[in-house]
Amino acid sequence: MLSEGIVLMFAGMGTVFVFLWLMVLVMNGSAWFFQRFAHVFADEQPAESHLAVIAPDNSVEIAVAVAAIRHYRGK
């Protein structure tokens, strides 16, 4: 029974080793592929966030929001 456990242990460890070895090969292959064909998979220009730029005509809404936050916090 001990020998069956040892065989099972080596079979499991061998399976994990082969899987990890194949995973490393696939990851290296995909890294090579995407480096070679990077021009095909060009990044898109990032979309401008609507929160990044606050228009000057929103100053009243901003003042109201700040006043509400200060009132809520008790300042």
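Predicted model: local features only at pLDDT ≥ 70, side-chain atom pairs only at ≥ 80, totals over all residues.

Me: What secondary structure does the chain have?
Reply: Two helices and zero strands. Helix α1 covers residues 2–36. Helix α2 covers residues 59–73.

Me: What span should helix α2 have, and what does the model give?
Reply: Helix α2 has 15 residues, and at 1.5 Å a residue they should span 21 Å. The expected span is 1.5 Å times one less than the number of residues. In the model, the end C-alpha atoms of α2 are 21 Å apart, so the two values agree.

Me: What comes just after α2?
Reply: G74 does. This residue takes a positive phi of about 85°.

Me: New topic. Which residues make the nonpolar surface patch?
Reply: L2, I6, M9, F10 and M13 make it. The patch has an area of about 550 Å².

Me: Take L2. Where does it lie, and why does it count as exposed?
Reply: L2 lies in helix α1. Its relative accessible area is 68%. The cut-off for exposed is over 50%, so L2 counts as exposed.

Me: What about T15: buried or exposed?
Reply: T15 is exposed, at 55% relative accessibility. T15 also has its place in helix α1.

Me: Which backbone oxygen lies 2.8 Å from a polar atom of the T15 side chain?
Reply: That is the backbone oxygen of A11.

Me: Now the rings. How many aromatic pairs are there?
Reply: The structure holds two aromatic pairs. One of them is F33 with F34, and it is edge-to-face. Their centres are 5.2 Å apart, with 80° between the planes.

Me: And why is the F33 and F37 pair called tilted?
Reply: Their planes sit at 50°. Under 30 degrees would be stacked and over 60 edge-to-face, so this pair is tilted. The ring centres of F33 and F37 are 5.0 Å apart.

Me: Which residues form the aromatic cluster?
Reply: F33, F34 and F37 form one cluster.

Me: How exposed are F33, F34 and F37?
Reply: F33 is partly exposed at 34%. F34 is partly exposed at 44%. F37 is partly exposed at 29%.

Note on methods: Residues numbered from 1 in each chain as written. Heavy atoms only, no water. Helix = DSSP H or I, 4+ residues; strand = E, 2+ residues; numbered from the N terminus. Buried < 20%, exposed > 50% of the residue type's maximum accessible area, 1.4 Å probe, protein only. Polar contact = N/O pair within 3.5 Å; in protein donor to acceptor, adjacent residues only side chain to side chain. Phe/Tyr/Trp six-rings, centres within 6.5 Å; stacked < 30°, edge-to-face > 60°. Patch = residues over 30% accessible without salt bridge, like charges linked within 9 Å, V, L, I, M, F, W, Y side chains within 5 Å. Areas by Shrake-Rupley, 256 points an atom, 1.4 Å probe, with all protein chains shown as cover. Salt bridge = Lys/Arg side-chain N within 4 Å of Asp/Glu carboxyl O.
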